[in-house]
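Hi everyone, thanks for making time. I'd like to walk you through a few side-chain details, so please have a look at the model first.

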Amino acid sequence: MPISSRIAGFKDLSPVERRRALSDRTGLDFSTFASLDPTTGLSVEQADHMVENVVGVLGIPVGIATNLVVNDREYLVPMATEEPSVVAAASNAARMTRPRGGFTVSHTGPVMQAQIQLLDVQDPEAARLRILEARDDILSLCNAQDPTLVRFGGGARDLTVRVLSTRTGIHVVVHIVVDVRDAMGANAVNTMAEAVAPRVADIAGGRSLLRILTNKADLRITRARAVFDRDLLGGPEVVDNIIHASAFAEADPYRAATHNKGIMNGISAVVLATGNDTRAVEAGCHSHAVGADGRYTALSHFEKTADGHLSGTLEVPMAVGLVGGATKAHPVARTAIEILGVTSSTELASVIAAVGLAQNLGACRALSAEGIQQGHMRLHARTVAVTAGATADELDDVVQRLIGDRSIRVEHAELVLGELRNGSLV
């Protein structure tokens, strides 16, 4: 059903009231959100079937990013993160795109690659050609490993062969290119690589060693763009300052590392909430940030439009799926997918990339305007106050005092709490 991702006053509601608002907006039954409660979410018994040596589970806050419009569709986006300000920044930045049509996202398709490493090849260049000549037979053998994937329109599509000089000699590296459809794809491509490795090793006249996917998913690219309204950003000076900040990140790897971390604050939060592999996505994104010249640079870029608004673009590999792994096994991940309402891995990737660009803009705007600490520290002060033992009734008074004193530390919060409870807080 069509929804609006604009929910007035959402941040002022209690968690239960927010769930009711989500139920109203998405049409999902209120009971769907029971998995978001720690008492009814992932159990130790379920966790014991997911990984080894289980002793418990770790709770991570799950928030909802609002205001997101991607390719003319509205999304309410679950984000799992422990860092204050991330969900708020993404929501606020997404709001600034709405007058200009939201986010436009395109992608290259759900294509992953596996590598087969061949050693002890006497004639590597000739071996490369022999393997390419056997392309059709090798791809057929790959597809025989996963008839279900082929039935759904996926499967092995191509192969490439590289001759690689290393410190231990010349290696021949075969890449199997696979359309993995709505899966992340690791299991599918690894199975194919292991199955065909003996065949390609025989053709090459060598031996195979590693047979595994690459997380440098440069054939699975998602591209997001949006125009952020100049007036909602704070005016022409803020637009210019964000562009200067963007240029700094493009030119300097030290700045780019933190700039890209801001992007990943958004991306990783949605990847985690939906039960996907945060490490694989992060590895892919950071490897993509290394250009052809070998220099690490910004993943996003900001420019000024002809009418003075801010144009933002982001290009990232996005290896995520809707089938297999924790996306099905984890009850919170299943709920997150239901809230999103996505029906394909490419649609999920589109939403994630849009959130990454929104989060990045939110951080750049804060840095370029009032400074990152003002909003971030207010949220951090709440965490510190709770850590010091503040109750719900005491929280606002303690936070206000911490911010006013410019001392957001647990020991100071404990002192403030003591004054509050003794009636001497002013």
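Let me begin with a term: a polar contact is a pair of N or O atoms within 3.5 Å, where, within protein, one must be able to donate a hydrogen and the other to accept it, and residues adjacent in sequence count only if both atoms are side-chain atoms. Please keep in mind that this is a predicted model, where local features need pLDDT of at least 70 and side-chain atom pairs count only at pLDDT 80 or more, while totals for chains, interfaces and linings use all residues. Residues are numbered from 1 along each chain as its sequence is written, and side-chain values use heavy atoms, with hydrogens and water left out.

So, which side chain does the side chain of glutamine 113 make a polar contact with? That partner is histidine 175, at 2.9 Å. Glutamine 113 sits in strand E4, residues 111-119; strands here are DSSP runs of E, at least two residues, and helices are runs of H or I, at least four, numbered from the N terminus. With a relative accessible area of 9%, glutamine 113 is buried, meaning under 20% with a 1.4 Å probe, protein chains only; exposed is over 50%, and partly exposed is in between. Leaving out residues up to four places away in sequence, glutamine 113 touches several others, including Ile176, Val177 and Leu213, where contact means heavy atoms within 4.5 Å.

On to the rings. Rings of Phe, Tyr and Trp (its six-membered ring) pair if their centres lie within 6.5 Å; planes under 30 degrees apart count as stacked, over 60 as edge-to-face and the rest as tilted. That rule gives two aromatic pairs. One of them joins phenylalanine 103 and phenylalanine 228, edge-to-face, with 6.2 Å between centres and 80 degrees between planes. Phenylalanine 103 belongs to strand E3 (residues 103-107) and phenylalanine 228 to strand E8 (residues 221-228), so this pair ties together parts 125 residues apart in sequence. Phenylalanine 103 and phenylalanine 228 are both buried, and Phe103, Phe228 and Phe302 form one aromatic cluster.

Next, helix H14, residues 345-368. Its 24 residues should span 34 Å, and the end C-alpha atoms are 34 Å apart, which agrees; the expected span is 1.5 Å times one less than the number of residues. Of those 24 residues, 23 are buried, so H14 is largely enclosed by the rest of the structure.

Finally, the cysteines: there are zero disulfides, a disulfide being a pair of cysteine sulfur atoms within 2.5 Å.
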